[in-house]
Amino acid sequence: MIRFIPILNPNRFRAAWVSLGAILCAAIVTGFLFAAYGSNPLEVYRIMISGTLFETQGLAEVARRTIPLLLIGVGLTLAFRAQFFNIGAEGQMLLGAIFAAIIPLFFPLGVLSIPVMLVMGAIGGGLGALLAALLRQRFAVNEILSTLMLNYVAYYLVLYLIAGPWKGKNVRGFIYTDEFPNFAQMPLIGGTLVHYPTLILGIIAAVALQILLSKTTLGFELRVVGENAGAARYTGISVPRIVIIMAMITGGLAGIAGAAEVSAIHHRLLEPAQISLGYGFTAIIVAWLARGHPILVLVTAPFMGIILAGGDLLKIVLNMPFRIVDVFSGVMLLSLIASEIFVSNRIKWGK
Amino acid sequence: MSSAPFLELRGITKRFPGVVANDQVSLEVHSGEVLALLGENGAGKSTLISILYGLYRPDEGQILLEGTPVQIASPSHALKLGIGLVPQHPVLVNRHSVAENLALGLGGFFPAGRITPKIIELAKQYGLSIDPKAKINQLSPGEKQRVEILRALLGGARVLILDEPTSVLTPQEAEALFRVMRGLREAGKSLIFISHKLEEVLAITDRVTVLRRGKVVGGLKTSDATKSKLAELMVGRSVDFTRKRQTATLGEPLLEVSNLCAKNSRGLDGLKNVSFTLHQGEVIGVAGVAGNGQSELIEILAGLHPKTSGSILLAGQELEPNPAKLFAAGVAHIPEDRIRMGTVPSMTVSDNLALREYAAKPLANGLMRDFMALEENAQSKILEYAVATPSSSTPSRLLSGGNIQKVILARELGKNAKLILAVHPTYGLDIGATDQVHQVLLERTKAGACVLLVSEDLEELLSLSDKIAILYHGELKGPFEVSQISREQIGLYMTGGEA
C-alpha cells in the first residue's frame, strides 16, 4: 500500500524534480503510443530533439513557437497566482489579432503602425479577459467557463470578419483579408519566421512581471488576493481592482501575441486555426510548469516550443498526424497535474 | 469498571523535523470512563489524536486494544477497530442531509434511506435529538457535532475521542453535550475528552492525563484535582484566576454608536437600534450566543459590512467604511477567523506582519517594497511579542494557533491603535498564550486605547471587561457595569429572557 506523508515546508527544488519526473512519465506514456503507431519511441524522440535543437532551421522553428507561448505563458502565471483561471488566452489572442488588423486595413499609420498594432492587440486581448473578470465580479460567473466560451466567440468573430465585412478585395475565393502594407509587417530574422521584436518584448515581460510579483506592493496585493481573498477584504485591498488589473495584463499579453502573429508571419487576418496553433492552450502547460513564476516561463516556453516544433517534424519525417502533438501535450498536462501531490507529500511504501 | 484498560498507549513517541511531538506517552482508558486529555497548544494532543485515528504512525511505542497490540493504518481502520473521532470542526457536506452525510461511504443504493431508522434509534438511545432529513447548513454547531458523534456511533465506535468539543458550543449546548457524554459512559463507552476549559474537565471527566511539551506530566483522578492544580501541571507554574482588570481611568468618549441598524448576510435584520459609547481606556465585553449580531457589529466597525441606518462616531467623526483608512485612523481588528481572514497562511510571517502597512513608508518606497525594512519590522515584532517561529520567512501556516494570534496582535496593536475590536481573541489558545493576549490588551487600555471584546467565554469577559453588553437577536442589552450584573443575568439575557 502507498501512503502520502505531507511535507510541511517543501524544498524549493522539489517542484522542479517532480515536474521533470512528470515530463519523463508523459514521454514514456506517449512512447507507447508511438510504438503502437509502428515507430521506435527512442527514434521518435531522437528525431524530435536532433531536428529541433541541432539544426538552425529547427531552432528557428522552436523560436517561432516560443514567442507566443512566452508572452501568453507569462501572463497566465500572473493570472494563476491571483486565482484567476484564464482558459481563454486562445480567444484573447484572436481578439488581439482582430484589433491589430484594424490599423493596416483601415488606418494605415506608416512607421508607427507596428507599435500601434501591438497596443491595439493588447487592448483587444485585455478587453476579452476583462469581460470575464467583470462577469465574475458582478455576477459571480466562473471565469473558467466564461473564458472558455469566449474562445468560441473570438473564433467565430474572426471567421465572420474575414468571410464578411473584412474579406479582401484582391483575394478572389479565399477567405482572408487583403495583405497588410509593408510597414505593418513586423521584421523577421532573415530566412526564418522569428519576429525578434516580439521575442524581446516577451523576455522583458517575463522579467518585468517577476519583479512586479515579488518586489512591488501591487504584486503583494495580487498574491494576497490570490492566496486568501478573505484577508484581502480584511486589510482593505480592493479585490475588483486587482482582478481587473490582472485580467488586463494577462489578456493584454495574449492579445500582443496574436497581433504579432498576424503582423509578422501571416501579414493578414486569416482563419483562426492558422493564426494560432493552439498556443493559448499550450501556454496553460507553460504557465503550470513555471509554477507561478513568470521568470521561469523563459525556460518552460522554449521547452513546449521544442515539443510543438518536434511534432511538426514527426508529421514530415514519420508521416504521423499532426494531432499527435496534442496527445503529447495532453498527457503531459495530465501528468503534471497528477504530480502535484508529490510536491507537498512524500511517499511511503508498505504498511 | 473492568481492571484491564480498553485502550492503552505504551511509550508512544512521534518525531517531526525539529520537534518531538510525543515523547514516551503512555495512557489508558477503561470502558465506561471519561478521560480528559489536557495540555497547552503544542503539547502534543493533536499528534496523539492523529496517531489514535490512524493519520500518523508512531515512531516508537505500542497501541493496545483490549490487551492486543494493534497497528492503526487509517481513519477507516481506526473506526473498524472501534475508535471514533469527533473533530473540533465538523467535516460534513453542507448541502446534504444528516442521513446522507452519515451514509457516506456505505455504498449500495439509497444508503441514506437504509440507515435512517438506525440513526433515529441511536439518537433516541443517547439523547442526540436530530432530524435525519435536515440539511447540514440548517444546523447549529451543536447539532453538527451531534451528527459527528452519530457518525462515530454508527461506525461501531467504542472509544470516542472528542477534540475540544465545547469550543464551538454555547453554555446550554455544552450542557446538552455533557448529558450525552454521561449517557455514553453509562452505556460502557470510553471517552477521551480534550479541552482547555478546566471547569469542564472537572465537571465531566473521571480521570485526567496532562501533557506538556509532548510528555505526560501528570495523571490523576478528577476527584483529586482542583482547577489550580491542573493549570499548574499544564503550564508548569501556578496561574492566577482572579480578575485581571483593575479599575480603569476613563477618558473622552472615542466610539459613539447610536441607533445602529444593519442587515445580516442573509438579508434579515442583523442589528436593531444598537447604541453604546466606548471611552478611552475602557473595555466593553459583548456576550452572546454566536450569530446574534456580533459579526455584523464588528464588521461594520471594521469597515467590512454596510449599516442601514444609525450613526457611528469615531473620535467625533462619522466612521468611513474603508478597512484600510480605519486602520490608519487607529482601528485595530483581531478577527474571529485567524486563518481565513487574519492571515494569509501560505505567506511568510514577515509578509503577514506587513499585511496592513505594506504599502506605506517605511515598508514600501513608492511602488517598490523595501525588504530591509520588512525584515526589520518582522524581527522587532517577533521579538516584542515573543512569536515562536523558526524564522521570519516561515509560512505562517506552520505556526501554532497561539503564535498565529501573536502575529496578528503584533501587526494590529501598533502604537497607533485606539479602538481595538477583538473577536474571540483567545479561542483555541492555551492558558499561557491566553494570559499573554489578555495582558497585551490590558496594557493597551492603559495607553488610552479602548477595547470592544466579543467572546463566548464568560470567564474571559468577566475577567477583562469594565462593562458587559449582551447581544440577542440583534438587540443590545446594556452595557452594564461588571459589578452590577451576575452571571445568571447574563445567561438570561443571552437566551432572550429579561433579568
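**Ground rules**

I number residues from 1 along each chain as its sequence is written, and I letter chains from A and number ligands from 1 in the order in which they are written. Since the model is predicted, local features need pLDDT of at least 70 and side-chain atom pairs count only at pLDDT 80 or more, while totals for chains, interfaces and linings use all residues. Helices (H or I, at least four residues) and strands (E, at least two) are DSSP runs, numbered from the N terminus.

**Entry 1: a sheet in chain B**

I looked up an open sheet of 4 strands in chain B, in the order β12-β11-β14-β15, and noted that the pairing is antiparallel; two strands pair if DSSP finds at least two bridges between them. β12 (269-279) and β15 stand at the edges with a single partner strand each, so one side of each is left without a neighbour in the sheet.

I then followed β11 (residues 253-263) of chain B, which pairs with β12(B) over 7 bridges and with β14(B) over 5 bridges. On the β12(B) side, I found B:L271 as the bridge partner of B:A262 and B:H279 as that of B:P253, while in β14(B) the partner of B:S258 is B:S311. β11(B) and β12(B) form a hairpin with 5 residues between them, and B:G267 in the turn has a positive phi of about 85°.

Helix α9 (residues 294-301) of chain B lies across β11, β12 and β14 of that chain, and I noted that it runs at about 60° to β12(B). For this angle, axes are lines fitted to C-alpha atoms, for helices over the stretch in contact, and angles run from 0 to 180 degrees between N-to-C directions.

**Entry 2: where the chains touch**

How many residues of chain B are in contact with chain A? I read 22 residues of chain B against 17 residues of chain A, where contact requires C-beta atoms, placed from the backbone, to lie within 7 Å. On the chain B side, α10 (323-328), α11 (338-342) and β18 (368-369) each supply at least two residues. That side divides into 15 nonpolar, 4 polar and 3 charged residues; Ala, Val, Leu, Ile, Met, Phe, Trp, Tyr, Cys and Pro count as nonpolar, Asp, Glu, Lys and Arg as charged, and the others, Gly among them, as polar.

Not counting residues up to four places away in sequence, B:R369 touches residues of both chains, including A:K215, A:F220, B:Y358 and B:L374. Is B:R369 buried or exposed? B:R369 is buried, because 21 other C-beta atoms lie within 10 Å, and the cut-offs are 20 or more for buried, 12 or fewer for exposed, and partly exposed in between.

**Entry 3: nonpolar cores**

A nonpolar core is a set of buried Ala, Val, Leu, Ile, Met, Phe, Trp, Tyr and Cys residues joined through C-beta atoms within 7 Å. The largest one has 179 residues, and among those with the most contacts inside it are A:I72, A:M246 and B:L421. Its largest share, 14 residues, comes from helix α10 (residues 239-266) of chain A. Apart from this core lies another of 65 residues, among them B:I83 and B:A225.

**Entry 4: backbone details**

Most residues other than glycine have a negative phi, and most peptide bonds are trans. With that in mind, I listed A:R291, whose phi is near 45° and which is partly exposed, with 19 other C-beta atoms within 10 Å. B:A315 has a phi near 50° and is found in the loop between β14 (309-314) and β15 (317-318) of chain B.

I also looked up two cis peptide bonds: the bond from B:K361 to B:P362 has omega near 0°, and the bond from B:G478 to B:P479 has omega near 5°. B:P362 is in the loop between α12 (349-353) and β17 (364-365) of chain B, whereas B:P479 is found in strand β22 (residues 475-481).

Lastly, helix α5 (residues 113-139) of chain A has 27 residues and reaches 38 Å from its first C-alpha to its last, close to the 39 Å expected at 1.5 Å times one less than its number of residues. A:A140, which follows α5(A), has a positive phi near 55°.

Notes
Contact = placed C-beta atoms within 7 Å.
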